[in-house]
Amino acid sequence: MLNRSSRTAEHVALFRALETARRRDRVIDDPYAVRFLTGRYRFLARLARVPAARRWLERYLDRRFPGGPRASAVVRTRLIDELVDDALAGADGHGPAVEGGHEPAGGDGRDALAADGGREALAGGGGWDALSTEGGREGLATEGGREALAGGDGRNGLAADGGRDGSGGEEGRDQVGDSGGRDRLGGGRGQVVLLGAGYDSRAYRLVGLRSVRVFEVDHPATQATKRRLVGAAVGAERREQVRFVGVDLMRDDLAGALRQAGFSGEERTVVVWEGVTNYLTADAVDTTLRALAGIAAGGSRIVFTYVDRAALDGSGRYQGVWQDAVRRHGEPWTFGFDPDALPGYLAERGLRLMLDLSARDAADRYLVPLGRHEPAAAFYRIAQAEVR
Ligand SMILES: C[S@@+](CC[C@H](N)C(=O)[O-])C[C@H]1O[C@@H](n2cnc3c(N)ncnc32)[C@H](O)[C@@H]1O
């Protein structure tokens, strides 16, 4: 149980800062990452501006922590940025944008995803790992950069017009993720919840988040540090849309805290729950998902990461799991999902799985086209669900 500011959150910020220090072929650009670091981590991030030092540090981290936590964090950040942009793009009509752009010098990493048609939507059970193969991507209907793969019986698949639900499914739900217009977030300004925010800088970095209400929710201990760092690193005009909400997901009432902070149950919402579920109990994950499904308007989206349960069960199915390292920092992994069971688990909680990719898949999209072959984890997964 967390009782002090999260160290693993600092690790992720360091990984983002190292990536940002690259002069070429970077897949994210997070100028706030270094500013959210302190002490020796900030020193290392600054040192990494010297290319040889950065290369040495990256190689050291990749050897010391096998399995690829560094690259996994970077590619998941990129993928989630794009999922958030995609959901928000319909809210006010502006396109996806990141301050300074995502375009890495020397290669257009955004195209690494867009090259095969852009976003994917996966619905239904039994088909999630098809996304990790070329075969899974081909044959998907595309237009406007979106793909849809209807898993299982296809009832939730999105149609090729980049718009309407191919199933002619329920009203309201169809508008989400398919209209490409204002409906996607309910026609209002929309709102974003960064749940277990750590040193996530999206509220200040993604242009689309500057015009929506953003709730940074985190364990009070981590949040106290973050607030201090944000106060020093981010101009007042960049943070006026941000509300900080201290919540211990193991014991506090998330829905009540969000409502009290001004969360609207009418406006559709994008929730980012990145790098957190693996530190909670099964009960806390369950309670959190039910709270979100209960409080958020239909059509809202929850982007979350999780660890494949098989990486935790001692079966040895995955090599290079870095759970010993996080345990040493007092933040052991305590929870994982079985990917095969995820669609059903979510359905029981009023949620529909739209996408489920591994960090390895994301690395294949963003890093490999740039000639980068760093390790990234097949057991670390990024999923997106929709509130029914
Ligand atoms: C690995 S960090 C991820 C931070 C951030 N989302 C990111 O991806 O950079 C884990 C985060 O989970 C938060 N966390 C862990 N246990 C929590 C709890 N019981 N309640 C609320 N947040 C918690 C930590 O405070 C920390 O911010």
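The structure is a predicted model.

The chain as a whole may now be considered. It holds 14 helices and ten strands. Of its 388 residues, 50% are buried. Among contacts with a separation of 6 or more, 72% are between residues 24 or more positions apart.

The largest nonpolar core has 91 residues, and those with the most contacts inside it are Ala17, Val75, Val84 and Leu194. Helix H5, residues 69-92, supplies the largest share of this core, ten residues. Val84 illustrates the contacts concerned: leaving aside residues up to four places away in sequence, Val84 touches Val192, Arg202, Leu206, Val270, Val272 and Val303.

The buried residues of H9 are Thr222, Gln223, Lys226 and Val230. These residues cover an arc of only 90° around the axis, which puts them on the same side of H9. On the face turned away from the buried side, H9 carries the exposed residues Arg228, Gly231 and Ala232.

Helix H11, residues 282-295, also has 14 residues, and the 20 Å from its first C-alpha to its last is close to the 20 Å expected at 1.5 Å a residue. Val285, Thr288, Leu289, Leu292 and Ile295 are buried in H11. Seen down the axis, the buried residues of H11 fall within an arc of 145°, so they line one face of the helix. Their cover includes helix H10 (254-260) together with strands S7 (269-273), S8 (301-307) and S9 (351-358). The exposed residues Ala282 and Asp283 are carried on the face of H11 turned away from its buried side.

Glu386 lies in strand S10, residues 380-387. With 25 other C-beta atoms within 10 Å, Glu386 is buried. Although Glu386 and Gly298 are 88 residues apart in sequence, their C-alpha atoms are 7.8 Å apart in space.

Asp313, by contrast, is found in the loop between S8 and helix H12 (323-328). Asp313 is exposed, with 11 other C-beta atoms within 10 Å. A distance of 9.2 Å separates the C-alpha atoms of Asp313 and Gly336, which stand 23 residues apart along the chain.

Asp25 occupies the loop between H1 and helix H2 (31-35). Asp25 is partly exposed, with 16 other C-beta atoms within 10 Å. Its backbone deserves attention as well: Asp25 has a positive phi of about 55° although it is not a glycine.

Notes. Residues are numbered from 1 along each chain as its sequence is written. This is a predicted model: local features need pLDDT of at least 70, side-chain atom pairs count only at pLDDT 80 or more; totals for chains, interfaces and linings use all residues. Helices (H or I, at least four residues) and strands (E, at least two) are DSSP runs, numbered from the N terminus. The expected span of a helix is 1.5 Å times one less than its number of residues. A residue is buried if 20 or more other C-beta atoms lie within 10 Å of its own, exposed if 12 or fewer, and partly exposed in between; C-beta atoms are placed from the backbone. The arc is that of the directions from the helix axis to the C-beta atoms. Two residues are in contact if their C-beta atoms, placed from the backbone, lie within 7 Å. A nonpolar core is a set of buried Ala, Val, Leu, Ile, Met, Phe, Trp, Tyr and Cys residues joined through C-beta atoms within 7 Å.
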